[in-house]
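Dear colleague,

Please find below the structure that I am handing over to you, together with its sequence. My notes on what was found in it follow.

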Amino acid sequence: MTTNTTTTAADTTPRIAVADAARSRLDFAKAAPRVFRALVGFDAAARAGLDPALVELIQIRASHLNHCAYCLHMHTNDARKAGESEDRLHMVAVWREARHFFTPKEQAALALTEAVTLVADAGVPDAVYAEAAAHFEDEELAQVLALILTINTWNRVALSTGKVAGTDERR
């Protein structure tokens with residue numbers, strides 16, 4: 001069986017049009033610099049004192065759920081640079097089926113990330129909150145919640161302004 005892997009100009013036109021349209025959207029950082037700086041400060045405060053691996057797992061899972069390719073690309077690359085394994089990165093989306101890749105504390109954080117990210121679906125169930133509270137002291141739990149809130153905000157900024165995956169503008 002052979003597969004035709006040639007790409008014609010017609011095949012790439014829709015992708016190019018989408019990328020061009022995304023680039024023509026609002027530059028949030030330039031249009032609202034005070035708000036952008038406040039969000040950057042909130043993000044920095046949220047991650048302060050948290051395990052960097054946990055930070056990336058939370059950001060990756062929320063970005064999966066929000067379908068934010070821009071943030072997912074950015075945070076999987078950040079996780080790799082911080083030494084995260086490919087195995088764990090591939091398992092984040094299916095962490096419940098691959099629990100042995102994650103510590104009980106990470107599992108609690110991932111469950112809380114899902115509940116907060118999808119809060120409109122069912123709120124934050126008491127059992128999910130209780131499990132997270134069992135693994136985190138109050139101050140650390142507050143940091144985790146703040147981080148979940150910031151990545152959800154970043155996802156919404158990236159999605160509404162049409163950020164294109166692979167164009168990490170932090171560099």
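**A contact between two asparagines**

The side chains of Asn66 and Asn155 make a polar contact with each other, at 2.7 Å. Please bear in mind that this is a predicted model.

Asn66 belongs to the loop between H4 and H5. Its relative accessible area is 14%, and because the cut-off for a buried residue is under 20%, Asn66 counts as buried. Leaving aside residues up to four places away in sequence, Asn66 touches Thr117, Asn152, Asn155, Arg156 and Leu159.

**Helix H10**

Helix H10 covers residues 138-160, 23 residues in all. From its first C-alpha to its last, H10 reaches 33 Å, close to the 33 Å expected at 1.5 Å a residue. Asn155, the partner of Asn66 in the polar contact, is one of the buried residues of H10. Others in that list include Leu141, Val144, Leu147, Ile148, Ile151, Asn152, Trp154 and Val157.

Which helices do the buried residues of H10 pack against? They pack against H2 (28-31), H3 (33-47), H4 (52-65), H5 (69-81), H7 (104-117) and H9 (126-135). After H10 comes Gly162, which has a positive phi near 70°.

Together with Val119 and Val124, Tyr129 makes a nonpolar surface patch of about 230 Å².

With kind regards

Key: Residues numbered from 1 in each chain as written. Predicted model: local features only at pLDDT ≥ 70, side-chain atom pairs only at ≥ 80, totals over all residues. Heavy atoms only, no water. Helix = DSSP H or I, 4+ residues; strand = E, 2+ residues; numbered from the N terminus. Expected span 1.5 Å × (residues − 1). Buried < 20%, exposed > 50% of the residue type's maximum accessible area, 1.4 Å probe, protein only. Contact = heavy atoms within 4.5 Å. Polar contact = N/O pair within 3.5 Å; in protein donor to acceptor, adjacent residues only side chain to side chain. Patch = residues over 30% accessible without salt bridge, like charges linked within 9 Å, V, L, I, M, F, W, Y side chains within 5 Å. Areas by Shrake-Rupley, 256 points an atom, 1.4 Å probe, with all protein chains shown as cover. Salt bridge = Lys/Arg side-chain N within 4 Å of Asp/Glu carboxyl O.
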